[in-house]
Every structure is written in C-alpha cells, then in structure tokens.
Amino acid sequence: MSDKQYTHIGKRYDRKEAQEKVTGQAIYVHDMELPGMLHAKCLHSPYAHAEIVSIDTSAAKALPGVKAVVTGEDAPYSVGIYMVDKDLIARNKVRYQGEIVAAVAAVDERTAEEAVKLIKVEYKELPAVHTVDESLEGKILVHEDLHTYEHMKGVFFPQAHTNIASWNRTLKGDVKKGFEEADYIVENELSVPAVGHVPMETHVVIAQADPYSDKVKVWSSAQSPFACRQLLAKSLGIKKSDVQVIVPYIGGGFGGKAGIHLEPFVTVLSRAANGRPVKLKATREEEFNLLPTRAGMRSRVKTGVKKDGRITAIEVYHDWDSGAYADYGVNVGKTAVYSGAGPYSIPNVELHSRTLYTNKVFSTAYRGFGHLETHWAIERHMDMIAQKLGMDPYEFRMKNLLRTGETTISGELMYDTTGSPEACLDAVVKEIGWTGRKTEEERQAEIKSGKIRGKGFAMLAKAPAMPSYTSTSAIMQMDEDGHVKIMIGAVDMGQGANTIMAQVAAEELRVPIENVEVLWNVDTDKHPYDWNTVASKYTVMGGNAVRKAARNMITQMKEVAAQVLRCHTDELTHGDGYIYHIHHTHRRVSYTDLSMGYVYENGNGIGGPIISHGVYMASGLTNPHPETGQGRPGLVWTFGAHAVDLEVDIETGEIHIFKIASAFDIGKCINKKMVDGQVFGGVLQGVGSAIIEGYKFSPDGRLLNPSFTDNKIPTAKDIPDEIVPIYIEDPKSAQIDGPYGARGIGEHPMISVPSAIGNALYDALGVNFRKLPLSPENVALAIEKANN
Amino acid sequence: MCDKHNGNCFEYVDSGIPKVALNCIVNREEVHTTVDPTMTLLQFLTTELKLFGTKEGCGEGECGACTIIMNGKTVNSCIVLAIEAEGADILTVEGLGRNNELSILQQEFIANDALQCGFCTPGMLMSARELLDRNNDPSDEEIKEALAGNFCRCTGYFPIIDAVKKAAKREREELK
C-alpha cells in the first residue's frame, strides 16, 4: 500500500476551513445575532441535594425587559439519551449544586441577570450522596423513581431502589478456576477524579419555537445535530421532522457537546416568549458547574498470574461516579464490558461496571469515553503485577497482549486485520530507549541532584462505543464546472473530518482537492443523516459513505458517457476530469459536459444533473450479552501505546517530561497533518488529566474550582519537550474494511497518557501512584510519605 | 434594559448611564462614536462594530481568547472597558491581513495546522503578532512565554509554536 497508489490519500493537505479561522470570518453560534433575539440567564441550585419547597418568580417577571421566566413547573419534560432521568429544569428537587432551577429570557444579558437575582426559591436541604461508597450503600437515593424511568432495555440495567443507573457485566471462562491456577494474586484500588472538557467555546444555543405550530429551529454548538434533533423532539413530545438543528462552526467539543444539553429548555423559554429567538451562552462557570463532566471513577482490580507472567484470571469492579444524571455515563460504563481490562488475552474474566448516581455535577462522554479512566487502573495495575513478578514490564505485557486468533474479554476474535498492539509497544519502547527498570543504586546516585529520571509505558485500545446499528450517509452534487459539493451529517469541530472527506472524494473522482468542498453549517433539514459525531468512527464510517457516493457518481457519469461514446460502461475509465475509453483514450466526455446532463449538437439531451449518495451502516455488530457481556461490539479497534521519559523534582514534586512517544496502529493515515494534530492535542489533553486537572468538591458537595483560576488546562508552558507520533501503516494489519485501510484516531492519543506517566514515576521513585492527578502537591506528598 | 423601544431593541448592554464619547482607531480605520461606559471593549468590538472575530472564552481575563492589540500591547478585551480605548490604536484579527492578502503569520498558521476548532485562534494570532513585533527572532521559550496566556484545548501548542517560528523567519527574510 505505498502512497504511489494514491493521489490524495496520505497527503498532508491544509485543513479546508483554515483561512476562515485565521481571518475571523468563521462564525460560531457565540457570534450569532438574530432579529428579535432575547438573551437567557439561569438560576442555579446552591445545594447538592434539596427539595424545592416554593419558587416565586413574580418580581422577576415584573422587571421591564423580561419576556419570559420559566421553572420546572412550566417545563414538565424529561430528557436523557439512554436513561430518561433528567428534568429540563429541576422539578420537586435538585440533585446537584449548579443544577438549573429557573431561567429568564430578556432583552439583554444584564436584564436577564438582574431578573434571575429577583427569583426567590425556598429549599429544604436533604442529606446528599457524595462518594462512590455512599452511592453503593444506597441509604440515600438520588433518584427514588429509578425503577420507573424509561431506558434502553437489554443494554442498560438500572437497579431498582438503589443508586445504580446501570450494572453491566462481563463473564468469560471460569474466574474461580483461573485464580486457583495462579501463582500470585495481585490486587489494587485506583481512582480518577471528574475532569472538565473545557472547549474554548462554551455551550451555546439559540432556539426559536414557532408559536403557531410545533416547529422548532435551533442553532447550537452541538457535536451531533441529528442526535440533538431526536432527543429534543422526544423530550418535548413533538415530531422529529418539526425540529431543525443547525450547527455552524463549533469551538471544540471533546464529547461534552454530544447528545443534548441546553437545547430543550431554551426552546421552552422561546415558547414562553411568544416564539422570539432566545440565546443562551453558558458562562465559563456554567461550563464547569452546570454542564456535564467526565465521570470520576474508582476501580478495584484483582489478577491471578503464573510465575512465567501469564495472566490466568482477572476480576474488575469499575465504579463510575456519574453524578446526578446518567446521560452518556451509562454508555461509558457499558463500554468497559468489552474494553475495561486492556488489550490482553485473558482466559477468565469477571468484570463489573457500575454507573452510579451521586449528588454532583453529572457526567457525559469525554474524549476516550471511559478508556483513559479504565486504562489508568489497568495499565498501572499491570505494571504493579510485573513488579510483583520481578519481571520487566515490557516482557510481561508482551506475554499477554492480544494476538491474531485470540479473543478479547468480550469474546471478539482477533484477525490480522484487527491491528497489532505488539507493533505499537515495540515502537514506543524503542523510541524512548527502554533498557529495563532503574535499579536502587541508580536511583540513589541520582537523588543527590534533587531530580530523578524515569521511563514508563502503557498500552491502549478502543473501539467506537456506539449502537450496533449505527449508520451515516453522504450526498454529493456536481456543479457545472465539474466541482463537487458534499453534504454530510457529521460536524467538523476541528478534528478535520471535512478535509478527510474531501480527500476521499477527490481520490475516487480523480479531481484536484481544490475541486471538492464539504459543506459546513450542518442542517438536519438539508444534510443527510449521521448518528453522532463521536467515538472516533467518522473516518471509517463517513469515509466509506463518501467513497460509495463518489463511486456512484462515476457510475452515473459512465452510464451517460457510454451512450455518447457508443460503448459499454465496462470499457470506460475516468481521470483528469473526463470519462474516457480505456483503449481509445481520445474517445472521452468531460465531467463538465456531463454535470447537468449531456447535450448533443442537435440539442438532444440525455442524463441529467449528477447527484449521488452513499450510505454506510455498521454490520455484524451485536449488543453485549446482558449477563456475560459477550458479543461483537467493536466496529474497528485502534491499538496504541505511549512511552514516557521524564524527570521528577523530589523536593517540589514537579514533573518535567522530556519525551512522549505515541504509536498507533492506524492502518492508514489519510492526512498525516490532521492525524498529527489529533496526537499532539490528545496527548497534551492526557497530560492535563495526568498532572493538572480535576474537580474538587467541598464536604457538602459544592464544586470548589469552577473557574480557570483554580481549574486550569495545560498552557504552552506545560508541554513536554517532545511528542513523537509513530503510525503503524502495515498493510497486513490495516483495517481491511476501512477506507484505504484507515482506522479512527480522534480519542486514542489521550488514553493511557496518565498511565504511562504513572509508570514512569514508579521507575523514577519506586513509588506507586494510584490516584490522579499527579500534581506537584500529590507527588511531593507521596515522596515524603515514602521517605518516612 | 430598554424601555424606550418597548423592550424590542437588540442592545447587549444598556446600563441607563449616559453614553460617553469614544474615539479610537480600529484596524486602521477611525471610529467616532458613543458607548455605554460599562461596556467592555470585547462587547464594543463584537456587538457594536460587528467584528465577531474576537472571541469570548471565559469573560474573566483567564483564557486569552479575546486577546487584541491595543497601543502595541496585548490585552484581554473582556476585562478592559471600551472607554479605556479612548484615543487608542487597536488591532484585531480582522486587521491582520492587508490588501486582500493574508499576513505571513496567518499563512504559517494554516501551513502548520496551528488550529483545529479555531476558537482560540484569533487571540493566539494577536499574542503571536505582538511577540513578533517586539522580537523578530524569538526562541521556543520566548514563544511559549508569549502564548502562555492563550489556552488552546485542541492543538497541544506544538503546531502553533512551529507556525510562529516559521513566520518569524519568513518575516525576517521577506519584510526587510
């Protein structure tokens, strides 16, 4: 599969929309103003758990300039992508500090803000659920009516009269027997805190509800316009076809803008304001404290292992602190059923993944969809098993990595074309010059300088977490000049989907890349369906759909050209803007002459405008078995590994990263410039989760750091000296049914970065870290504790 | 609030305090107007002048998305009052290109893929512009220092640093 085979695939093209973004021309919903537009502001609960005794909105309503005030009573609707558990606006009780209790639409932001201050709410505070253990205990229930909630049956398993939103399981082999066979049993408990997505553009919505019909028009920073349409219609009890969702440029998503968030209650506000468009722009504090996070997680892992390093059994409890609502959280939990024990061949597995309600800001999808969290637990645990065995962690992993012919924990058979975890590990270990663990003598020699160097690595694996029947589509039209416009239903939020799709179309149509445009402003009334822009699935699914559409466009042109050239379509080929005879290459018809239908000299016309479409639907996937988790959920697995070379200051606990080497069995890079972007950005986001970020709550459940002052993300000064991306593009292990062999890469760079850093810290200090973040404070405290 | 138009005007902010004269230069054009004295410079640029290129990321002067250049220095326009710009010379992202041509810095941002979602890009460009105006051959550390107030969640900063370095080199060679 050398690049010579392709004209456009594998090229480092600039992103298509870059010029608009460097000139300020790119318009985001943040920037939009509509005629008659009102501005919304929200009132938030000050309590983590409280009964709403009464709300008095009369003073707010009386304020001049206020056009609508709504409370939960005015919006008797519920919403939830997998579990319908959330009121649009809190009714009867609030379940987290920051939850919306009322909202105002007014002529300007300041009036709306003043009106919010005039709303009087009387609460009766309730005891709250703060931790995973309190949640499991179940003495206090976050949702008393859990057993009545509508949910996706057979996939999610809410436990009545508990705080367990879903309990998903994997059972493979015989765990009891596996532990009996083991020479050693290693047990660990590890955890991660909740973390914010921190898109630079906060969530923003403009909703306009037609007062004379059910029609609703929404401009949103949504990642997934079609999911938003479906869920908005469902929550308000209106027809899907009455809802139009338009998504212009969006300023980052990272999973936090998937599904549905502000759209339904801003629609309710618009209705209450006689159909005037209402804009709600989340403040940065709301982005942290109202809108969902990545869940915190606590894992308990127990592994049986032979002296030679073979794993005989694993038992895992992944307990997710999903906060007040399940949102995507239950699906994050479900995903662990098939990827929650790492890319290893383990004969006997018992895994429990429990998505738990607590009285905290709720959780949703976040880049990596639970994998950074589960891999933190598993990959640190694997290193600790190697320690117990006195074995090199590289050698230990090599003994257990998944290989062709073996099965994943959910029983998925590995083929050559599933990808190679081994190749990734080998590549990164070589890149950082791993020669084995540091000895105590070496460590003591370094301690004098006040800084100790360490190296470590970790594996990663992820397949898209999506329904087994996920589909996507593309429509392609040719202009008179032979240029092509493509409409897709996915949103390019910076990941480069539109550039990648243009490359696929240009490759198939054999036209210059400049002649292909993927249209922005995804509009559910005009653009064709895509399930969700999530899960690192679009290069594969969208790429296949666009490829089919392009091939169909060629077929259409050949059918007309065959008549013009008096030959069979089999004898025709295409290129350089022509359909031509394979032998008599001068017998040809140009794309431009075919684009709107061919016209003969005498005026006869044949054919018609060239418009094609392509669809792609995941095939052969199944739901995990309800009791055993066995099945085939993975459309495409992307394996990878990170290796880290770092130095830690033993006084301050500060970590300086020299190098992170990151290898992925990507199959084929369609555009290395875009892939590099995913790797640099994803790895640094992983560094953020590893060292810098994390929510902190007060004992009474209030979020203590809902601002950039106390909840920073990595800046230009926090980057490693070097990030070395390595792409495995071996035709033997490439994705045979992906476009040109390609696999997804959007989320993977983030996964296991903390694990690799944690493992390198052990190499440096001989101290095992089990909690994130590895902040200077936490590292310094751990060093001090170890020294005592 | 806006009683005078029966609540149907679209003004972002109207504190009711009498407006104050504001004379400044924005992207090489003179502006003579009056503004609400409580309005921020960011609100003035976006809602009044309709220059929506400058973005709001936090409204608290922490993230740098709203960075513009005022009298040769970068400022977070979300925490500067519009009236503080009296007599000032202001440059925003819309003023970087000239004569319908992208500046070298913008070209290098594109070529090095120094942007993904694009929301931090205008502010990032302005911080980079200010750096190159005072230092035409910055080191990696100087670039990181200059950009440290501009958050980017997408790129990991590496492509941005490359873009600034390459732009500096080209500016030294081409703008002699």
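Chain B is divided into domain 1 (3–94) and domain 2 (104–174), where the domain bounds come from an automatic or database domain assignment. The structure is a predicted model, in which local features need pLDDT of at least 70 and side-chain atom pairs count only at pLDDT 80 or more, while totals for chains, interfaces and linings use all residues. Residues are numbered from 1 along each chain as its sequence is written, and chains are lettered from A and ligands numbered from 1 in the order in which they are written.

Within chain B, the C-alpha centres of domain 1 and domain 2 are 24 Å apart. Domain 1 of chain B brings 15 residues to the contact between them, and domain 2 of chain B brings 13; two residues are in contact if their C-beta atoms, placed from the backbone, lie within 7 Å. On the side of domain 1 of chain B that touches domain 2 of chain B, the elements giving two or more residues are β3 (67–70) and β4 (73–76) of chain B. Such elements are DSSP runs, numbered from the N terminus: helices are H or I, with at least four residues, and strands are E, with at least two. The largest share of that side, three residues, belongs to β3(B). Sorted by class, the side has six nonpolar, seven polar and two charged residues. Here Ala, Val, Leu, Ile, Met, Phe, Trp, Tyr, Cys and Pro count as nonpolar, Asp, Glu, Lys and Arg as charged, and the others, Gly among them, as polar.

The strands of chain B may be followed next. Strand β1 (residues 20–26) of chain B runs antiparallel to strand β2 (residues 29–35) of chain B, and seven bridges join them; two strands pair if DSSP finds at least two bridges between them. β1(B) and β2(B) form a hairpin with two residues between them, and Asn27(B) in the turn has a positive phi of about 50 degrees. β1(B) also pairs with strand β5 (residues 89–91) of chain B, in the parallel sense and over two bridges. There Val26(B) has Ile90(B) of β5(B) as its bridge partner.

Helix α4 (residues 140–147) of chain B shows how a helix can present one face to its surroundings. Ile143(B), Ala146(B) and Leu147(B) are buried in this helix, a residue being buried if 20 or more other C-beta atoms lie within 10 Å of its own, with C-beta atoms placed from the backbone. The buried residues of α4(B) line one face of the helix because, seen down its axis, they fall within an arc of 90 degrees; the arc is that of the directions from the helix axis to the C-beta atoms. An α-helix has 3.6 residues a turn, so residues three or four places apart point the same way. The packing partners of the buried residues of α4(B) are α3 (121–134) and α5 (158–174) of chain B.

Chain A is assigned domain 1 (3–25 + 470–617), domain 2 (32–126 + 199–253 + 257–289) and domain 3 (296–394 + 418–466 + 621–787). The C-alpha centres of domain 2 and domain 3 of chain A lie 36 Å apart, and 19 residues of domain 2 of chain A are in contact with 22 residues of domain 3 of chain A.

One open sheet of chain A has four strands in the order β21-β20-β19-β28, with mixed pairing. β21 (516–518) and β28 (611–617) of chain A stand at the edges with a single partner strand each, so one side of each has no neighbour in the sheet. Five bridges join the antiparallel strands β19 (residues 471–478) and β20 (residues 484–488) of chain A, and Gln477(A) stands opposite Lys485(A) in β20(A).

Another open sheet of chain A has five strands in the order β9-β17-β16-β15-β10, also with mixed pairing. Its edge strands, β9 (164–172) and β10 (184–192) of chain A, each pair on one side only. Nine bridges join β10(A) to strand β15 (residues 296–305) of chain A, and the two run antiparallel. Val186(A) has Thr303(A) in β15(A) as its bridge partner.

Finally, the two chains meet in a contact that takes 52 residues from chain A and 51 residues from chain B. On the side of chain A, α17(A) gives the largest share, seven residues.

Notes. Buried ≥ 20, exposed ≤ 12 C-beta atoms within 10 Å, placed from the backbone.
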